[in-house]
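Hello,

Here is the structure you are taking over. My notes on the sheet and the nonpolar cores follow below it.

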Amino acid sequence: MCPLGDLNLIFVTVGSWGFDNFVKAIDSSAASIDDKIVIQIANGKYEPVSCEFFRTAPSLDRYYNQADLVVAHGGTGTTLEVLSKGIPLISVANPDVKDNHQHEFLEALESVNALTYCRELESLGGAIAFRTQEQRERF
């Protein structure tokens, strides 16, 4: 993790598919967050106005390696990749995925304190503020 002076990097990823409501929630919370936010939006239609963004990259390692916090969709691959790197993670289940399996997966990981599971997009800004403040207090 690489703090940017007093700013941290919050990296947000939606994975391979768009998740516009998630991106909108981050974008609308950005003004109340003091850290730099970079969002990977894939094929989403919504383009953030308050955050740096890009659609896809051959690898997300460059962003993970700089991130102090990752906020991500609840896909298995992304979740396990971030956790394996030891980066604090806030996850959001995409309600549009089949059988809402991300919800069960994220609940299980939250129960062993592996991540923070944000169940409601309206709470996402508060969850980010809490985690970034918690990190600052540790250092």
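Two strands count as paired if DSSP finds at least two bridges between them. On that basis β5 and β6 are a pair, joined over two bridges in the parallel sense. Ile-90 stands opposite Thr-116 of β6. Please keep in mind throughout that this is a predicted model.

The sheet: six strands make up an open sheet, ordered β3-β2-β1-β4-β5-β6, with parallel pairing. Its edges are β3 (52-54) and β6 (116-117), each of which pairs on one side only. The helix α1 lies across β1, β2, β4 and β5, and runs at about 150° to β4.

The cores: the largest nonpolar core has 23 residues, and the members that touch the most others are Phe-22, Ile-26, Ile-37, Val-71, Leu-124 and Ile-128. Two or more residues each come from β1 (9-13), α1 (20-29), β2 (36-40), β4 (69-73), β5 (89-92) and α5 (124-138). The largest share, four residues, is that of α1.

What does Ile-128 touch, leaving aside residues up to four places away in sequence? Its contacts are Ile-10, Ile-26, Ile-33, Leu-69, Val-71 and Ile-90.

As general background, nonpolar side chains tend to be buried together in soluble globular proteins.

Regards

Key:
Residues numbered from 1 in each chain as written. Predicted model: local features only at pLDDT ≥ 70, side-chain atom pairs only at ≥ 80, totals over all residues. Heavy atoms only, no water. Core = buried A, V, L, I, M, F, W, Y, C linked by side-chain atoms within 4.5 Å. Buried < 20%, exposed > 50% of the residue type's maximum accessible area, 1.4 Å probe, protein only. Contact = heavy atoms within 4.5 Å. Axes fitted to C-alpha atoms, helices over the stretch in contact; angles between N-to-C directions.
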